[in-house]
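Have the chain ready and follow along.

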Amino acid sequence: PTAPFTEVSLSDAAADCALAFDPVAFEAGKGLEYSIAEGVTVSGDPDKLRRLISVLLDNAVKYGSGTVRLSLQKTDRQARLVVSNPGEPIPPEQLERLFERFYRVDKSHSKASGGTGLGLSIVKHAVGYHNAEISLDSTPGRGTTVTIQF
């Protein structure tokens, strides 16, 4: 790590991001529900952690079709952060490439959404930086769920 890690309130970071994205979701005609456990802390970089949460919420609002859900739970290890959204699943053959720089599942959304294709690559980098683990599940009828285990 290039910067010293500090004790970061993941609870506060998640709550701040949820409050910031609530009007964004509303403007997009979608809902945002969140369940954030209090007192969840991790050792890390507060800016990278906030950016990670923001990117996940931004993608869920942009590409989902319905209510975005954010949850943060305390676990035996440290913490579990989950962002999910209903909508069309990501095709299985594209799942493995999602975290590549500049990769976009649907190129037709590029101009409309203003994205660069860097968001999930930033998330992957931040997850690795914090020695966390990320998993993604995209299932027909359930949508897409990203889980980060700290």
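## Salt bridges in the predicted model

Arg-69 and Glu-33 join their side chains in a salt bridge, with N and O 3.2 Å apart. A salt bridge here is a side-chain nitrogen of Lys or Arg within 4 Å of a carboxyl oxygen of Asp or Glu. This pair ties together distant parts of the chain: Arg-69 sits in strand S4 (residues 68-74) and Glu-33 in strand S2 (residues 32-36), 36 residues apart. Strands are DSSP runs of E with at least two residues, numbered from the N terminus.

The model is predicted, so local features need pLDDT of at least 70 and side-chain atom pairs count only at pLDDT 80 or more, while totals for chains, interfaces and linings use all residues. Residues are numbered from 1 along each chain as its sequence is written, and side-chain values use heavy atoms, leaving out hydrogens and water.

| Pair | Closest N to O distance |
|---|---|
| Lys-48 and Asp-45 | 4.0 Å |
| Asp-137 and Arg-142 | 2.7 Å |

Next, the surroundings of each partner. Buried means under 20% relative accessible area, exposed over 50%, and partly exposed in between (1.4 Å probe, protein chains only). Arg-69 is partly exposed at 40%, and Glu-33 is partly exposed at 42%. Asp-45 is buried at 12%, whereas Lys-48 is partly exposed at 26%. Finally, Asp-137 is partly exposed at 34%, while Arg-142 counts as exposed at 57%.

Technical notes: Helix = DSSP H or I, 4+ residues; strand = E, 2+ residues; numbered from the N terminus.
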